[in-house]
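The following account leads the reader through one protein model, beginning with a single residue pairing and widening to the whole chain.

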Amino acid sequence: MPLDPTASTLSMCSLFGGLELCHCEYFCSRLERVDLVAGEVVYEEGDPAHELFVVAAGRLHAFKPSQSADVPLAELLPGEFFGDMSFIDMQPRSATVRAVEPTVLWRMSFSSLREAYLRDLKCYTLVVMNIAREMSRRLRRADYYRTLLDSEGHAAVRPRAGAASVIGRIGRRAMTLRSLG
Amino acid sequence: MQQPSPELLAVCPLFGGLSSECCAAFAQRLARVELVAGQTVYDEGDPAHELYIVAEGRLEVFKPSLSPLLALNDLHPGDFFGDMSFIDLQPRSATVRAALPSAVWRLDYTVLRETYQLDMKCYTLVVMNIAREMSRRLRRADRGWKPAQGPR
């Protein structure tokens, strides 16, 4: 993907799937490029949330920080989006996200999305449907991995976490799906 | 009572934030279904055409293909289910079965899709409510799995 957002590349991102070009142009004008070095943190678990992000290039990890060992949740690759759960439920970030290599993100403020609600309800509705569809994918994975646990709530297969879409792609069957946002 | 009152619907999470007109319109389109204990609403893998709101009783969610005995979730009055297939057009991800004598209200996906044409704001609010519930489920998954026997 090009490193700066264009309307035509936006239409290839699942977040903006189904949108007309004029809608993509609108969102394009609202996206801000963010360059990260390897190891840089986008946000931390518990942070107040005001933006969501599309991965333009690079790779990031989402995890739950823990004193013993961080719990890996997901690997995020170009074309994917994250930070969407806080947009939907207005809760703080559920996880920490960190770049594992030099990475380019496109940042969109929640207020730009809410503005779309007033400007063009259909466009807003499509984006919300896209977010819901992605969450549904993550949940179907979550249910699958949950059934691998024994009755004590321990993993029958030692769980490691990862985003549904990523696990699906690379077939890491023993990873537990966790959420992002 | 074959149809719920609009006031009752307004306190269900699925219809939160909707105008009383929207709630009244949905109330007319809901069909009540009575279930005996052990009766199945739908099975994992079934094609999906409706979502449901629990009116009375308690239901349990299973994934028989993987673990026939492990209840993934309990559903109580006011809760809704069958929403994921509406969003992603996939077959049922799990089996839902009445744990007690129960009653549910059934809402056809076609009614929801009609709402998209007739009143997009109302439709968008319902989708936001579904997304919020999915987000809640995902955050719960984040905190770690708990056996279904425990309190919710």
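The bridge partner of F63(A) in β7(A) is T96(A). This is a predicted model, in which local features need pLDDT of at least 70, side-chain atom pairs count only at pLDDT 80 or more, and totals for chains, interfaces and linings use all residues. Residues are numbered from 1 along each chain as its sequence is written, chains are lettered from A and ligands numbered from 1 in the order in which they are written, and side-chain values use heavy atoms, with hydrogens and water left out.

Strand β7 of chain A covers residues 96-99 and runs antiparallel to β4(A), the two being joined by four bridges. Strands count as paired if DSSP finds at least two bridges between them. β4(A) also pairs in the antiparallel sense with strand β5 (residues 71-76) of chain A, over five bridges. In β5(A), P72(A) stands opposite F63(A).

Strand β4 of chain A (residues 60-64) is largely enclosed by the rest of the structure, because four of its five residues are buried. Buried means under 20% relative accessible area, exposed over 50%, and partly exposed in between, with a 1.4 Å probe and protein chains only.

Chain A as a whole contains six helices and ten strands. Here helices (H or I, at least four residues) and strands (E, at least two) are DSSP runs, numbered from the N terminus. Of the 181 residues in chain A, 52% are buried.
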